[in-house]
Amino acid sequence: MNEYEQYGEYSQQPRETSSGSSVGTAITFLLIGVGVGAAAALLFTPVSGSELRGTISRGYRSTLDGISQGAEKLRERGSNLLGINRRRKQG
């Protein structure tokens, strides 16, 4: 019996690779790369720490405001579709 007959044909062995795990690994490495890039950008920025913190704070607040406005618009659209009047009283 030669080695080929002893171990069988390679193509008949079941494959244990799944595309889900490779996609998950790729996403993990992508997120790690984004984190490392963001950290490097913050460390090597040419502004002082207090200016950088102020810039980050303003960006954070504007992002939250945008999310709040978007959520309010979605609520209004949903209410309009359902025929519910949810207009805020101003004044």
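How many residues apart in helix H3 are Glu72 and Arg75? They are three residues apart, and so separated by about one helical turn. This is a predicted model, in which local features need pLDDT of at least 70, side-chain atom pairs count only at pLDDT 80 or more, and totals for chains, interfaces and linings use all residues. Residues are numbered from 1 along each chain as its sequence is written, and side-chain values use heavy atoms, with hydrogens and water left out.

**Fold**
- The protein chain has three helices and zero strands; helices (H or I, at least four residues) and strands (E, at least two) are DSSP runs, numbered from the N terminus.
- The order from the N terminus is α-α-α.

**Surface**
- Of the 91 residues, 2% count as buried (under 20% relative accessible area; exposed is over 50%, partly exposed in between; 1.4 Å probe, protein chains only).
- The protein chain exposes about 8,700 Å², and carbon and sulfur atoms supply 58% of that area.

**Salt bridge**
- The whole structure holds one salt bridge (a side-chain nitrogen of Lys or Arg within 4 Å of a carboxyl oxygen of Asp or Glu).
- Glu72 and Arg75 form a salt bridge through their side chains, at 2.7 Å, N to O.
- Helix H3 spans residues 49–82.
- Arg75 is partly exposed, at 42% relative accessible area.

**Nonpolar patch**
- Val23, Ile27 and Leu31 make a nonpolar surface patch of about 280 Å².
- Patch residues have over 30% relative accessible area and no salt bridge; like charges are joined within 9 Å, nonpolar side chains (Val, Leu, Ile, Met, Phe, Trp, Tyr) within 5 Å.
- Areas come from the Shrake-Rupley method with a 1.4 Å probe; for residues, only the protein chains shown count as cover.
- Leu31 sits in helix H2, residues 19–43, and is exposed at 56% relative accessible area.
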